Amino acid sequence: MRVVRWPGALLTFVAMSALAGMLVAVAVTPAVAVAGEGTSGAVSFFEDLPSYLDIQTPQQVSSVYATKDGHQVKIASFYAENRTTVASDAMAKSLKQAAIDTEDPRFYDEGGIDVVGTLRGAAATVVGGDVQGGSSITQQYVKNVLVQQCEELTGKDAADTEKKVAACYQDAAGVTPQRKLQEMRYAIAVNKKYSKDQILTGYLNLVGLGGRVYGAEAGAEYYFGVHAKDLSLVQSATLVAILNNPSNLRIDQPTNTDNGAKNGYAATKERRDYVLQRMYVHHDITKAQLDQAKATPITPKITATANGCSSAASGYDAGYFCDYVRDQVLQDPAFGKTAAERIATLDTKGLEIHTSLDLDLQSRAQTALSTYVPSTMAGVDVGGSNVTVEPGTGRILSMVQNTAYTQGDTGAAGSTAVNYSADSGYGNSGGFQTGSTYKVFTLAEWLATGHTLSQSVSTTEHTFQNSEFTNSCQNVSGGTWPVSNAESVPASMTVQAATSESINTAYAAMGKQLDLCKIAGVAQAMGIHPASGGALGQTPSSILGVNNLSPIDLAEAYAGFANGGVVCTPTAIDSVTEADGTTITPTPASCTRGVAADVAGTVDYALQGVLTGSGTAASANPGDSVPKFAKTGTTDGDVQNWLVTSSTKYTNATWIGNVQGSVSLANWPFLQGTTGYSAKFGVGKSMMSYLDQTVGGGTLPTPNAAMIGQTSHTSSNSSSTSSSDASSNGSSDSSAGAAANGSPSTPTGSTPGDSTSTAQQGQQQSPQKQTGKQKGH
């Protein structure tokens, strides 16, 4: 039996009773004059307490949207607290009445505090020895607002944040007379500023309902699969029951021994029936309704709101794109000065993030890739990705890969959290060697320094002395560089033919006449950077693509060529609005000139030959009328395989190869009768056919006739950093005949010879000897 120390307890009771009387007066008039020196002092003390409570928009769920059939579709959600704020008329009347009858029957008559409840709490304090509360709904609302403010605090690091939140929480919800007084002071001020309906609605939007579920709307959706406005009497009473003790009364743990499915959620049902009884006592339901409701078992229909990108992955094959969006938010200062602030913005501000993703194109891309590339293969860590960007804007229209998305670091076979399309900063991939797709930068520098497409270059040299090459930025090491071609070629050929057929020795010979530093400079100007960070390699072998790049990076560069030499950084976000209507403007794509317009136009002209005649990607050409260009890339042994295609309206990049390891895929059987080498043509043709029909493309940038070599000329020394900002709209003809329209071909022989062997993902190996023997680089 607890012993009550009556003198102290009695004083507490008297003080609390006096305070209650005083609070009645305070609740009625802003300034109070109460007779008696002691009482006047108490009133003065009370009125000196802070009364302004900054009620901000509560934490809400942020949603990510994409376009499907011309309409915006939600694909993912992010939240710290699963909450969707709704208006009063979006809540069932039975829910609001259940809350009032159970929590605060005098809600509409009191001045923000429940004086009777306060007196009852004082009496309980006398008997129990602890500070007891008789909190009105307004007081509970105040406490929830204060706790919400605590949860939004951030510190200099995780430990500091935790310390600040804990201290704040103690001030907001601690059991002390001082805190209770401050809560009452705030409640009276809130009651004067807001209507009863606003207070009740705010309270029901804030309350915790177990786990990460907060507020009436999220609670209704999570526990019963309905909106708050559609809650039945029984469901309303159940939610009000849960808010009394969310940790113990939640009904999403069916295996819970004390409160689970086997005992009919007994604890929650007991509290629910109490809520129903209070509604009956206050004449808000009839005896028949009461009896029927009490006889109704608790039957949850758990409908979880996925947190993160798992719903985008399962519903739209867009998990990796969603993850890219998240990374963009968390790295953009527009969403907060610090990483912690940006996380808080995403998880608490109820953002509506509208993205560049086209779900129809996304579906087609996933089908195209999965048709040719399996998610797993015995004996090889196989990977494949396909990404589409929009020239002139950098908008990412689609992003898929051969594996299933998982949010964790590990997953089942055929799943990964690593985004193969992006670099280490946007998906933890170290990129892959690109082979001959990198030749485009040598070609651009070739044209910018006064050379032409019709100029002949030797193809006979297969062992190059590194000392023969120029690099104005760094020393070129000694030694030799062996280079092979895929098949026998003439002793010399034009640069146009060498580009269409991707002849390694020709491009090595071209590199001897250029500056390796400036070739790297062109690549950098077109947005290229190693996927793992750092500087681009500038060795002679870099001409043939030994740098590890990401598909999105390579697509960005090729889109720049399609855009007349102006390259735009990739972006996945179109617009962002907070729940309170505030607009956040993400850092926009940066569009800068990479090469002169005439250089870009002539590069595009040359690369059209890749899709025609004896071009290396002729078998992927869908044979329609949309002007476009392409480039293939294959490392030794087909360890890595690439195809980049572009019109003026889209740029599509496909990578298929080893995620880790260096298994030769030259004759490795893939789906649809293709190999690791030829599968890219099937994917590319499928994508070009669809993109040409749905996105299309206009006339490619005009080539420079002198750069083609159609007229005699003196070198104009066009700079790859020209400030020219527009290309004309003249037509350009392919230099290599009619388009081939065959199905994806399977090569014969062993190894194509585009560049040196691949590095493992995230690592760059030293250039190795090229020993390729087959065509199709």
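Which helix holds both Tyr-558 and Phe-561, and how many residues apart are they? I looked this up in a predicted model. Both residues lie in helix 22 (residues 551–562), three residues apart, which is about one turn of the helix.

**Entry 1**

Tyr-558 and Phe-561 are edge-to-face, with 6.4 Å from centre to centre and 70° between the planes. I checked accessibility as well: Tyr-558 is buried, and Phe-561 is also buried.

**Entry 2: aromatic pairs in the whole structure**

I noted Phe-432 as buried, at a relative accessible area of 0%. Trp-655 is likewise buried, with 0% relative accessibility.

**Entry 3: a charge over a ring**

I looked up Lys-196 and found that this residue lies over the face of Phe-107, 4.8 Å from the ring centre.

**Entry 4: disulfides**

I counted four disulfides. With bonded cysteines counted along the chain, their pattern is 1-2, 3-4, 5-6, 7-8. I inspected several of them in turn.

Cys-150 and Cys-168 are joined with an S to S distance of 2.0 Å. The angle about the S-S bond is -75°, and the link is left-handed. Cys-150 lies in helix 5 (residues 137–151) and Cys-168 in helix 6 (residues 158–173), so the bond ties together parts 18 residues apart in sequence. Cys-150 is buried at 1% relative accessibility, whereas Cys-168 is partly exposed at 22%.

For Cys-309 and Cys-322 I noted sulfur atoms 2.1 Å apart. The torsion about their S-S bond is about -75°, so this disulfide is left-handed. Cys-309 sits in the loop between helix 13 (287–294) and helix 14 (310–316), and Cys-322 in helix 15 (residues 319–331), so parts 13 residues apart in sequence are tied together. I recorded Cys-309 as buried, with a relative accessible area of 1%, and Cys-322 as buried, with 0%.

Cys-473 is joined to Cys-517, S to S 1.6 Å. This pair links distant parts of the chain, 44 residues apart: Cys-473 in the loop between strand 10 (463–465) and strand 11 (480–482), and Cys-517 in helix 21 (residues 516–525). Cys-473 is partly exposed at 48% relative accessible area, while Cys-517 counts as buried at 11%.

Conventions. Residues are numbered from 1 along each chain as its sequence is written. This is a predicted model: local features need pLDDT of at least 70, side-chain atom pairs count only at pLDDT 80 or more; totals for chains, interfaces and linings use all residues. Side-chain values use heavy atoms; hydrogens and water are left out. Buried means under 20% relative accessible area, exposed over 50%, partly exposed in between (1.4 Å probe, protein chains only). Rings of Phe, Tyr and Trp (its six-membered ring) pair if their centres lie within 6.5 Å; planes under 30 degrees apart count as stacked, over 60 as edge-to-face and the rest as tilted. Helices (H or I, at least four residues) and strands (E, at least two) are DSSP runs, numbered from the N terminus. A charge sits over a ring if NZ of Lys or CZ of Arg is within 6 Å of the ring centre and within 35 degrees of the ring normal. A disulfide is a pair of cysteine sulfur atoms within 2.5 Å.
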